Structure formats: C-alpha cells, structure tokens
Amino acid sequence: MIQTRGERTFAHFSAIVMTLITLAAFLPFILIFVASFTDESALISNGYSYFPEKWSLDAYVYMYTTASTFVRAYGVSFFVTIVGTAVSTILTAMLAYPMARRDFKLHNVLAFIVFFTMLFSGGVVPTYMMWTKIFHIKDSLWALIVPSYLISGFNVLLVRNYYKNNVPVDLIESAQIDGASELKTFYRIMLPLSIPVLVTIGLFTALTYWNDWINALYYITKPQYYGVQNLLIQLMNNIQYLKSDQASSMIGVGAVELPSTAVRMAMAVIGILPILVVLPFLQKYLTKGVVIGAVKG
Amino acid sequence: MNATIAKRRELKKMMPLLLLAAPGLLYLLINNYIPMLGVFIGFKEVDFTKGIFGSDWVGLNNFKFLFNTSDAFIMTRNTILYNLAFIILGTICSIFIAVLMSELLTKVYSKFFQSGLVLPNLISMVVLSYLVFAFLNSDSGFINLSILRPLGLPEISWYSEAKYWPYILVIIQLWKTAGYGSIVYFAFIAGIDKSIYEAAKIDGAGKLKQIFNITLPLLKPTIIILGLLSVGRIFNSDFGLFYQVPMNAGALYSTTQTIDTYVYRALIQLNDIGMSAAAGLYQSLVGFILVLIVNAIVRKVNADNALF
C-alpha cells in the first residue's frame, strides 16, 4: 500500500495523541509509585509529587519489619482468588456443558434458569439476610468466596456458546459409541477442548476475586479476614492505625515519624503488582473476552 | 409397560448430565433465586424480635415513605444522569481511541497502547480511590499543592465540596473505562474491508473524510446496539465508584448518592431494613422493565443482537 504524505502525517498524529492518552492512563500510577518511595517529611511539606525532594525506602522497610499484617492480607487475597477461581471455573464448565447438548431434554430449561439471573435480582437486602441469617456466613473465608461471584450467568452462557460452536457433535457421539460414559466424555474430551474459553473466564473471575472488597464490606467485621483491598480501606480510614502500640513498639522510638502516607502508597503498589505481572498475558484473553461479550451477550 | 421402561431409560440417560449441572444449579438457586423470593421484605416492617417471617406486613408503606423523602429523587436523578454521561462521553472517547489506534502504522504500537489503556480498568475501586486521593486530598494532594498553590489559586477541599464531584466522577470513569471500551470498536474497525478505503482513496478522499464517511457510518449499528444495551442498565451504578472513591464523605451525598449507595447505607449504616429493601426492589423492578423494553427495541433494530 503506497502512503501519501497526508496519510503519513495522520499516522504520526495518531501516534502522538495515542502516546499522550497512554501517558494519561499511566501518570496516576506513577504518582503513587513515586509517593511510596518518598520521604515522609517531604510528603507532609510538599504533598504528593512526581519529583520528591527526598527519596526514601522507609515505607518498604517498615512494611518488611511489620510484615505480619501485610503478609496475612496477601495470603487471604491469594487464597480467595485461587480457590474462588478454580471452583468457579469448574462449576461453570459443568453447568454449561449439559446446556450445550441439544439431545439433552432439559437444555432449554437450564438456559432459562441461568439467563433469568442476568435479568432480575432480588437485591442486596434479601441476599444479605439470607447469607447472614440462614447460612451464618459472617466472618469466615467462605464469606469472601461464595456470595455473588461463584457463578456468573454471563460466563456460563459464554462457555455454553463455545461448546455449541466449537465442539462437533460427532465427537461426542463417537466417544459414546466407544463406550465412554457422559462424565468421562466431559472430563476427558470436553474440558481439555474448552481450555481457551475457560482460561478467558478464569482470568475475569480471578480479577474479580482479587479486586473484590464488597463481600468483606458486608460480611467481615474481623480484620484478620481482610484481604489486600480491605486492608487498604482500613489503612485509608484510619491513618492512625499504623501508629498503634504494636506498630510503634516495632519501630522502637515513639517519637519517630512513621511513614504512614508512604506506607499506604507502598501497600497500594503491592496490591496492583500481581495485576501488572500478569498484564501481558491477560491482555490477549481479555481482548478476546471483551469482544465476544460485547457482540453477543 | 414399555412406556415406563422407555421413560426410565430416558431418565437414566439424562441423569449424568443433570448431575454435572447440579452443583451450579444449586448455587444459582441459593445465590440468585432465594433472594428473588426475599423481595417480600420490602413490604414488611422488619423486627428482629419477631423474626423476618413473623414481622408485620405494612403494604406499600416502605415505598410511600421512601418516595416522600428527597433521597428517592436525588439518588434516581444521580444514577440516571451519571449513566447518561458515562454512556455518551464514554462511547465518544472509546471510538476516538479506536480510530486513532487503527491508524497506527505498526501493530507493535497498538499492542503496547492497548496494554497501557486497559490497565486502569483492571485495578480495584479501592486502588482507584487511592489514586484519586493522591490527587485530591486537601493536605498533600497533587492538585492543591503542585498545581493550585504554585499558580497562586485558592486551594480547594475537594472531599467536602459536592459541586465538583459530577465532573470528577465523570473524568474518573472515562479514565478508567475509555481504553477498555475501545477494544470492541478497534476489533470492529480492523474487520472492515480494506478495499472500501482503497476505493475512497482513488476517489481522492483524505483520511478525515474516510473516517467520517466510511468508518463511522459502518460503526453506527454497533454504536446503537451497545448504547441501547447500556441504557438497559441505566438504573444500576458501580457501588465502588460512588461509595469508595468519594471516601463515603457525607458532605458529598447530594452529588454522589446513587441507588446502590443508598441501599448499602440504609441497610448497614442506618439499619433501616425496610427502606433499603424498598429501594433495592425499586431498582430491580425498574431495571428489569428497562431491559425488557431495550431488548424489544434492539430486536427491531437487529434481531441478531437481541439478548432474547
């Protein structure tokens, strides 16, 4: 394709504007990243700045010396994310597969049951009452995993469509002629075949669990069950939290200015870190998922 | 006799598939369907000494009370207006980004930009509230200390001035979602037949002309469908954006209260279960009706894109 001068100018213009937009997307992250390496006194006198007067590693040193709170929150978040994602993905596939089988008499009934959950919801109050008064889920790790996120109707329909469109009916038939049971057909043939779509919904689910703080807002009152996000909320709500006795005794001298702002920022940085690490990998699947999701709900 | 055997055989054939679906169905039954039955709480005056089922029926009193307060109007207005702003401005920004991205000469660039632009959408509302706090807090925020102060302008205590928040929240939402939203449009533009552009070029159409006369008209159906589908969700708001990002500041309620934040505050902070349940049911019902209407319209526009 031959390029005219006008076209090249336009391409350069696009590149410049896109660079600026991408920069705008990144700048807030850089601000808190820099703040986490800023000396507390500089933060207090000059505020958040991209070019701090004095750099410092205090926040990270502090987090390292008082690691237990942070490590525990990290552990909770990882546990919830891994268990939640694994269970969710398996259950979603198990529910989606029978729905994709046209010879299964109830497949349309199942589809309606799943679909209706996307249209109407009982709302927060009945949900909250049920989990707390009937299932007594408050203050447990289950409260972080089970309510709301375990199965999303949208994901089920996504996987069902994948089975419908990408797995030939002949394959199921021939497996069954060979004497494979339904369960065996599912585990041995269908699950491995659907790995691409399961990875896609798995990534979305993992992101949901990692980023979730609302379940804890409703169902957790004891800080020992806080994951990273809720620890961040607690730190934000209670700046004095870090100056509690336990914290100051760790540092030794009470008069020392605790790097409270920088610590919070460091904690936020560490909270984003896992997402940044998997971002290049995520992108491919996210793009796929968004396009499928938007075009056909 | 034969019929029952056939039936039994049929059942035996269905059993394994039903078993596979059972755990997921059970979950949906508990997590989604039991609460749907629980909407009756909205018609009760909940008294825990009597239990939820034993509490007195009060008919539509909760709703009457709710709609007699100014809260009902404020939260409905906020929810709808914010959503409209998000839909309109979000679509424009997303398309703008997608068009620019499709004009880049090398694919490597677009990959890089895409990673950068989806990042804001991947972080939690809590981290987002940290980012916003870094810019806006009055003691050490970037805007007050590094922009307003050097310019000699008066500093603003952002978290107690409600009038700024409509702008702040719209900017935040665009920052968060525009890049992510552009993916769909970018994928669509990438799928447009290149020969159309070649033909236009031969006819002497410049880049801008091509965009306005080819790309945008071809995008129109997609824009309309996606827009309509978002209108179906116009009664829902992102709880985190309106609760956590403004730091739950009471002074900001007039411009940050949405139906979702009201439901939470009434339930957890005010312990007013009846009000909260009434507001929640109001949201669910109107939302449901909106989805039905929107779907009927989408079906008329393009049946393939209808939800059902």
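Chains are lettered from A and ligands numbered from 1 in the order written, and residues are numbered from 1 along each chain as its sequence is written. In this predicted model, local features need pLDDT of at least 70 and side-chain atom pairs count only at pLDDT 80 or more, while totals for chains, interfaces and linings use all residues.

Chain A contains 15 helices and 0 strands. Helices (H or I, at least four residues) and strands (E, at least two) are DSSP runs, numbered from the N terminus. Of its 297 residues, 44% count as buried. A residue is buried if 20 or more other C-beta atoms lie within 10 Å of its own, exposed if 12 or fewer, and partly exposed in between, with C-beta atoms placed from the backbone. Among the contacts in chain A with a separation of 6 or more, 70% join residues 24 or more positions apart. Two residues are in contact if their C-beta atoms, placed from the backbone, lie within 7 Å.

UniProt, in an unreviewed entry, annotates "transmembrane region" at residues 12-37, 73-97, 109-129, 141-159, 189-210 and 262-282 of chain A. UniProt positions follow the numbering used here, feature names are shortened, and annotations may be inferred rather than shown by experiment. The span 12-37 of chain A is 96% helix and 0% strand, with its end C-alpha atoms 36 Å apart. For residues 189-210 of chain A, the values are 95% helix, 0% strand and 30 Å.

For chain B, the unreviewed UniProt entry places "transmembrane region" at residues 17-43, 80-105, 117-136, 164-190, 211-235 and 280-298. Residues 17-43 of chain B are 78% helix and 0% strand, and 40 Å separates the end C-alpha atoms. Residues 211-235 of chain B are 84% helix and 0% strand, and their end C-alpha atoms lie 34 Å apart. The record also gives "domain: ABC transmembrane type-1" (unreviewed entry) at residues 76-294 of chain B. That span is 75% helix and 0% strand, and its end C-alpha atoms are 19 Å apart.

The two chains meet through 72 residues of chain B and 78 residues of chain A. Helix α1(B) gives the most to chain B's side, with 15 residues. By class, this side has 52 nonpolar, 18 polar and 2 charged residues. Here Ala, Val, Leu, Ile, Met, Phe, Trp, Tyr, Cys and Pro count as nonpolar, Asp, Glu, Lys and Arg as charged, and the others, Gly among them, as polar.

One helix pair spans both chains. Helix α5 (residues 107-119) of chain A packs against helix α1 (residues 2-37) of chain B at an angle of about 35°, with the axes 11 Å apart. Axes are lines fitted to C-alpha atoms, for helices over the stretch in contact, and angles run from 0 to 180 degrees between N-to-C directions. Leu110(A), Ile113(A), Val114(A) and Thr117(A) meet Ala21(B), Leu25(B), Leu28(B) and Asn32(B).

Helix α6 (residues 124-134) of chain A is mostly covered, with 8 of its 11 residues buried. Among the buried residues are Tyr128(A), Met129(A) and Trp131(A). The buried residues of α6(A) pack against α12 (214-219) of chain A, and against α1, α2 (51-54), α13 (259-269) and α14 (273-301) of chain B. Just after α6(A), His136(A) takes a positive phi of about 45°.

The largest nonpolar core has 150 residues, and Ile32(A) and Ala134(B) have the most contacts inside it. A nonpolar core is a set of buried Ala, Val, Leu, Ile, Met, Phe, Trp, Tyr and Cys residues joined through C-beta atoms within 7 Å. Helix α8 (residues 165-190) of chain B supplies the largest share of this core, 12 residues. A second, separate core of 5 residues includes Ile225(B), Val291(B), Val294(B) and Val298(B). Beyond four places in sequence, Ile32(A) touches Met265(A), Ala268(A), Val269(A), Tyr130(B), Leu131(B) and Ala134(B).

Two residues of one helix in chain B were examined. Phe113(B) lies in helix α5 (residues 107-122) of chain B. Phe113(B) is buried because 24 other C-beta atoms lie within 10 Å. Leaving aside neighbours within four places in sequence, Phe113(B) contacts Met18(A), Thr22(A) and Met101(B). Asn121(B) is also found in helix α5 of chain B. With 19 C-beta neighbours inside 10 Å, Asn121(B) counts as partly exposed. Asn121(B) and Tyr180(B) are 59 residues apart in sequence, yet 6.6 Å apart in space, C-alpha to C-alpha.
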